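Below is what I looked up, entry by entry.

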Amino acid sequence: MKCLYPLAALLLAACATPVAPAAPPAPVLTASDLDGTWDVTLFWSATEPPSSTIMVLAAAPPNKVTGSFYQSDFLEGEYSLRGNTLAFGSVTTDGDALYSHSGRLVDGKIEGQTLSHGRDFLMIWVATRRAEEAVPSP
């Protein structure tokens, strides 16, 4: 029986040891996290200051996204949600050329790029949700 005393002491010590609180769960993204009006900063030239425009997005199951970018309605658009990665792609036109846009939601912002077909440029941009639409932090 005396040989069980060290085991009992070890078990009591283990039960009394404080456990660190669990980390909060990672936020779960949904397609609707794209929905809304976004202010876009366009980095179209390495030597010129950025410009700005507005993008409107609305996701609809199973994988479609509608909206507008740079005052042009999407001709087509799709989103992809894989785990905690939410991305979209769309196509617009200015009447003379097509533009392919893609973006990925990262920490509440959309990091994206636009390829102009036939105009030889790839523009980098970042979009932030309009202040009046932003979800308050808990």
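Terms before anything else: my helices (H or I, at least four residues) and strands (E, at least two) are DSSP runs, numbered from the N terminus. This is a predicted model, and local features need pLDDT of at least 70, side-chain atom pairs count only at pLDDT 80 or more, while totals for chains, interfaces and linings use all residues. Residues are numbered from 1 along each chain as its sequence is written, and side-chain values use heavy atoms, with hydrogens and water left out.

**Overall layout.** I looked up the elements and got one helix and nine strands in the protein chain. From the N terminus on, the order is α-β-β-β-β-β-β-β-β-β.

I then checked burial, where buried means under 20% relative accessible area, exposed over 50%, and partly exposed in between (1.4 Å probe, protein chains only). Of the 138 residues in the chain, 26% come out as buried. The accessible surface (Shrake-Rupley method, 1.4 Å probe) is about 9400 Å², and 62% of it belongs to carbon and sulfur atoms.

For contacts I use heavy atoms within 4.5 Å. Taking contacts between residues at least 6 apart in sequence, I see 31% joining residues at least 24 apart.

**Leu-42.** I find this residue in strand β1, residues 36–43. Is Leu-42 buried or exposed? Leu-42 counts as buried because its relative accessibility is 1%. Beyond its neighbours within four places in sequence, Leu-42 is in contact with residues including Pro-50, Phe-69, Tyr-70, Met-123 and Trp-125. Ser-52 is also on that contact list, and the C-alpha atoms of Leu-42 and Ser-52 are separated by 5.6 Å, with the two residues ten apart along the chain.

**Ser-72.** My next stop was strand β4 (residues 72–73), where Ser-72 sits. Ser-72 has a relative accessible area of 13%, so I log it as buried. Leaving out residues up to four places away in sequence, Ser-72 touches Gly-67, Thr-92 and Thr-93. Its side chain reaches the backbone oxygen of Thr-93 at 3.1 Å.

A reminder to myself: most residues other than glycine have a negative phi, and most peptide bonds are trans. Which residues did I flag against that background?

- Gln-71 has a positive phi of about 65° though it is not a glycine. I find Gln-71 in the loop between β3 and β4, and it counts as exposed because its relative accessibility is 78%.
- Asp-107 also shows a positive phi, about 50°, and is not a glycine. Asp-107 lies in the loop between β7 and β8 (109–116); with 77% relative accessibility, it counts as exposed.
- The peptide bond from Pro-61 to Pro-62 is cis, with omega near 5°. Pro-62 belongs to the loop between β2 (51–60) and β3 (64–69).

**Second largest pocket.** A pocket here is an open set of points on a 1 Å grid over the protein atoms alone, where a 1.4 Å probe fits, with protein on both sides within 12 Å along at least five of seven lines; lining residues have an atom within 4 Å of a point. I get a volume of about 190 Å³ for the second largest pocket, taken as the space filled by probe spheres set on the points, which are joined across faces, edges and corners. Its lining has 14 residues, and Tyr-70, Tyr-99, His-101, Phe-121 and Met-123 lie nearest the centre. The elements giving two or more residues to that lining are β6 (85–93), β7 (98–106) and β9 (121–129).

Methods:
A polar contact is a pair of N or O atoms within 3.5 Å; within protein, one must be able to donate a hydrogen and the other to accept it, and residues adjacent in sequence count only if both atoms are side-chain atoms.
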